[in-house]
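Biologist: I am new to this structure. Please show me how to read its features.

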Amino acid sequence: MTGNLFSKIDQGANMKKVITCAICLLGILAVTFNPALGSGLSNARAIGMAGAYSSLARGFDCPYFNPANLGIEGKKNNGFQLVGVGAAISNNSFSLDDYNKYTGATLSEGDKATLLSKIPAEGLKVSADVEASALSFGFGNIAISFSGYGAAEISISHAVAELLLNGNTLNDTLTLNGTYGEGFGVASANFSYGRRLYHKGDRQLAAGLTFKYVKGFGYEEITHLNGEAVTLATGFEGSGSIVSRTALGGSGYAVDLGGSLKLNNSYTVGVTVFNILNNISWNKDTEEHRYSFEFDTLTVTNMSKDDIITSSDTTVAIPNFSTKLPSKIRFGFAKTTGSLLWAVEWEQGFKKAAGSSSRPRITSGAEYHLLSFLPIRAGFGIGGKRGVTYAGGLGINASAVFLDFAIASYNAISGASGKGLNFALNMGFRI
């Protein structure tokens with residue numbers, strides 16, 4: 001009998017390393033891929049309302065939410081946004097309280113069972129998104145913005161997490177099914193135009209378009225992954241392989257289309273399709289990385305021998321390749337006048353990818369001007385990539401200068417009890 005190979009590992013410390021490494025990897029990817037495609041993540045007013053903002057956006061905010069709003073006559077929100085930053089990191093299993101309680105500790109069988117019960121059947125997923133925007137401005141029917149966006153996501157299968165916590169037993173079979181990773185980073189220069197198509201009394205109908213020139217800075221995707229290890233009475237046997245492709249540069253385009261209907265002086269409804277047309281051609285340092293391994297009758301006593309585990313690791317140049325940015329559609333309805341503004345929104349992504357989800361998402365938010373210069377915001381969302389979201393924020397409007405701050409927590413009101421956080425800060429001035 002070989003014994004439990006993984007019982008040699010301090011499992012509490014090991015779990016800490018696994019989670020910490022995953023978070024650090026995502027953070028590095030997101031920061032490295034920081035200059036990127038606008039998603040509204042750096043708009044603190046929107047984040048404070050849980051993202052329910054597309055029918056409220058005006059002026060320099062329109063490229064990120066609905067370009068058709070530029071065509072609605074009335075308050076244009078002309079001005080400049082000097083800088084905006086936003087970041088979000090989340091997972092589907094553990095809260096900050098869990099991390100602080102269990103990592104580094106000696107885990108009992110009950111602790112292990114509790115941790116495993118928190119990981120859904122689809123596995124542990126961790127994602128990170130970062131956005132920076134600078135020198136965005138809107139005037140009349142036109143808005144121009146420059147932004148950066150990076151997204152990364154990894155998933156560790158439930159079987160791997162169970163092995164890390166409980167070790168292996170006789171006749172165990174471990175597979176890597178459900179484990180994957182993807183990350184990308186792009187920068188974009190965005191030009192938006194909106195035009196009124198129809199009006200009668202207070203009612204107006206407008207359409208708009210945002211064209212984005214996209215500069216790719218980095219891309220990595222696992223295109224193939226399989227592996228299996230079996231515990232036998234005589235030892236361990238297993239094999240596996242992984243193939244990924246990477247690039248360090250490229251360029252492309254993306255197009256958003258929007259429509260906006262102002263029902264009267266107080267209510268507006270709109271729809272936006274993001275990245276309805278898009279393509280990025282990766283053409284710099286495009287490579288494929290291939291790694292494979294195999295071991296036969298591996299035991300605790302012979303695992304240090306060089307010839308027990310055989311592996312190969314190769315990197316080859318590959319032809320240029322193209323990828324698509326995630327597409328989604330968003331419907332919004334908002335009350336746009338008065339001291340209390342509110343909005344509701346429905347969003348649907350078309351595919352599951354880094355920075356996107358195919359699950360529908362519903363959000364609602366409100367902004368109340370307690371004082372004319374001090375708007376207070378709150379929002380709630382459910383579904384999509386982040387799940388349940390509780391959001392809040394405030395702004396300072398000092399004459400023409402504005403400063404907005406927001407924070408959102410995922411799956412709990414408290415950041416310590418939630419499974420992720422999103423913060424945003426932006427500032428500029430209005431004309």
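**Salt bridges, cores and a helix**

Modeller: The side chains of D256 and K212 meet in a salt bridge, with 2.9 Å from N to O. A salt bridge is a side-chain nitrogen of Lys or Arg within 4 Å of a carboxyl oxygen of Asp or Glu. This is a predicted model, in which local features need pLDDT of at least 70 and side-chain atom pairs count only at pLDDT 80 or more, while totals for chains, interfaces and linings use all residues. Residues are numbered from 1 along each chain as its sequence is written, and side-chain values use heavy atoms, with hydrogens and water left out.

Biologist: Which parts does the pair of D256 and K212 tie together?

Modeller: Helices (H or I, at least four residues) and strands (E, at least two) are DSSP runs, numbered from the N terminus. D256 lies in strand β8 (residues 249-262) and K212 in strand β6, so the pair ties together parts that are 44 residues apart in sequence.

Biologist: Are D256 and K212 buried or exposed?

Modeller: Buried means under 20% relative accessible area, exposed over 50%, and partly exposed in between (1.4 Å probe, protein chains only). Both D256 and K212 are buried.

Biologist: How many salt bridges does the structure hold?

Modeller: The structure holds 12. In one of them E367 pairs with R45, the closest N and O atoms being 2.9 Å apart. E367 lies in strand β15 (residues 361-371) and R45 in helix α2, so this pair ties together parts that are 322 residues apart in sequence. Both E367 and R45 are buried. A network of salt bridges links R45, E367, R377 and D404.

Biologist: What about R290 and E288?

Modeller: They form a salt bridge whose closest N and O atoms are 2.6 Å apart. R290 counts as partly exposed because its relative accessibility is 37%. E288 is buried, with a relative accessible area of 19%.

Biologist: How many residues has the largest nonpolar core?

Modeller: A nonpolar core is a set of buried Ala, Val, Leu, Ile, Met, Phe, Trp, Tyr and Cys residues joined through side-chain atoms within 4.5 Å. The largest has 23 residues, and F184 and W282 have the most contacts inside it. Elements giving two or more residues to this core include α2 (44-48), β5 (180-200) and β18 (401-410). The largest share, three residues, comes from β18. A second, separate core of 13 residues includes F94, L107, V126 and L165.

Biologist: Which residues are buried in helix α5?

Modeller: In α5 (residues 109-118), K112, L115 and L116 are buried. They cover an arc of only 95° around the axis (taken from the directions from the helix axis to the C-beta atoms), which puts them on the same side of α5.
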